[in-house]
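Here are my notes on the model you sent over. Have the viewer open while you go through them.

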Amino acid sequence: MVRIISLIFCLILGFTAISTRAADPATAVPTPAEVSAKKLNNRYLPENEVKQITIDNQPYDLLVRPWEGKKKLGAAIILPATNGTADAPGLMAFVRRNINPAGWASLSLTPPTELPAANFATAATEVTSPGAAQLSSPSNKPSPKIKPEDNSKHLQEQEDFLVQSMSQLDAVGADYAGKRILITADQSAGLLISLLSQKKIADPDVLIVINPYREDEKLNQALAEQLAKLTLPILDIQSPDGHPASLETAANRKILAVTLKSPNYRQTSLALNLDNESAWQNCLNAIKGFSARMSGAQ
């Protein structure tokens with residue numbers, strides 16, 4: 001009996017502590033702004049490598065690594081895939097840290113975010129009810145994540161974010177005079193190709209795109225022509241494990257570039273997936289060689 005009473009007493013104390021902890025502001029779930037501020041105070045990178053730019057009164061990371069060695073060719077602007085970070089793990093972080101001995105400072109931007117997928121829920125009372133209408137999407141296509149109007153608004157926000165980010169690089173990159181190469185991947189690459197085709201951002205000396213695509217099917221199909229019509233030197237790297245939307249347009253990107261006689265376009269197909277570190281080194285070698293050759297910064 002004594003044991004039972006003691007057990008009940010302990011359970012009451014435990015529930016009381018949990019309730020108190022939940023009500024305590026110090027232990028409440030932090031807001032996105034609070035999480036961002038906390039990250040700024042808990043850096044794993046050297047302080048001189050971490051800069052910030054401000055967009056709509058919010059700070060965003062801009063990671064800077066200087067030249068290494070005697071070569072000082074210019075700066076590589078790196079934009080990782082959407083929803084990532086300025087130091088996104090994998091290929092882009094590898095390039096950011098290893099392109100410097102080739103004579104390129106690296107300026108790595110925080111990429112824009114993607115709009116969260118809609119959470120479609122059905123009330124329990126409606127589960128057995130017949131549908132009021134047929135599905136509007138074809139059976140062989142994925143259901144749209146968001147409403148078209150929300151998608152258009154978010155795409156505009158992504159473009160505005162990138163335009164503002166790129167406009168602030170001149171001040172930070174002033175210490176690294178020379179050529180500019182722009183390295184980007186996945187949906188970020190698709191967004192930048194669109195911005196360059198609309199002349200919303202200045203052309204770099206060299207553009208490197210890795211598995212470029214747009215999630216919207218119409219925008220994705222337009223990507224090949226936009227890329228082919230750019231007049232700057234372009235290295236288009238495609239890996240076997242690229243997003244299906246990127247693989248879908250890879251052949252057309254190359255064909256259109258040849259048809260439109262784009263003399264500075266090159267497409268490289270990797271033999272290895274990008275989850276293999278050997279592929280990272282192959283990418284880096286291709287980037288270094290193409291950038292130095294096409295920018296004239298030998």
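The points below cover the sheet, the helix contacts and the salt bridges.

1. Ground rules. This is a predicted model, with local features needing pLDDT of at least 70, side-chain atom pairs counting only at pLDDT 80 or more, and totals for chains, interfaces and linings using all residues. Numbering starts from 1 along each chain as its sequence is written, and side-chain values use heavy atoms, with hydrogens and water left out.

2. The sheet. You'll find 8 strands in an open sheet with mixed pairing, ordered β1-β2-β4-β3-β5-β6-β7-β8. Strands here are DSSP E runs of at least two residues, helices are H or I runs of at least four, and both are numbered from the N terminus; two strands pair if DSSP finds at least two bridges between them. At the edges sit β1 (50–55) and β8 (265–269), each pairing on one side only. On average, neighbouring strands of this sheet are turned by 20° against each other, direction ignored.

3. One pair in detail. β6 (residues 206–210) and β7 (residues 234–238) run parallel, paired over 4 bridges. Look for I210, which stands opposite I237 in β7.

4. A helix on the sheet. Helix α8 (residues 244–259) lies across β7 and β8, at about 145° to β8. Axes are lines fitted to C-alpha atoms, for helices over the stretch in contact, and angles run from 0 to 180 degrees between N-to-C directions.

5. α7 against α8. The axis of α7 (residues 217–229) comes within 9 Å of that of α8, crossing at roughly 30°. The contact residues divide into 6 nonpolar, 4 polar and 3 charged. For the classes, Ala, Val, Leu, Ile, Met, Phe, Trp, Tyr, Cys and Pro count as nonpolar, Asp, Glu, Lys and Arg as charged, and the others, Gly among them, as polar.

6. α3 against α9. Here α3 (residues 91–98) and α9 (residues 277–295) have axes within 10 Å, crossing at roughly 50°. That makes α3 oblique to α9 (under 35 degrees is roughly parallel, over 145 roughly antiparallel, 65 to 115 roughly perpendicular, the rest oblique). L91, F94, V95 and N98 of α3 meet W280, Q281, C283, L284 and I287 of α9. This contact has 7 nonpolar, 2 polar and no charged residues.

7. Salt bridges. How many does a search of the whole structure find? There are 8 salt bridges, each a side-chain nitrogen of Lys or Arg within 4 Å of a carboxyl oxygen of Asp or Glu. One to check is R65 with E49, whose closest N and O atoms are 3.4 Å apart. R65 is in β2 (residues 58–65) and E49 in the loop between α2 (32–41) and β1, 16 residues apart.

Terms used. Contact means heavy atoms within 4.5 Å.
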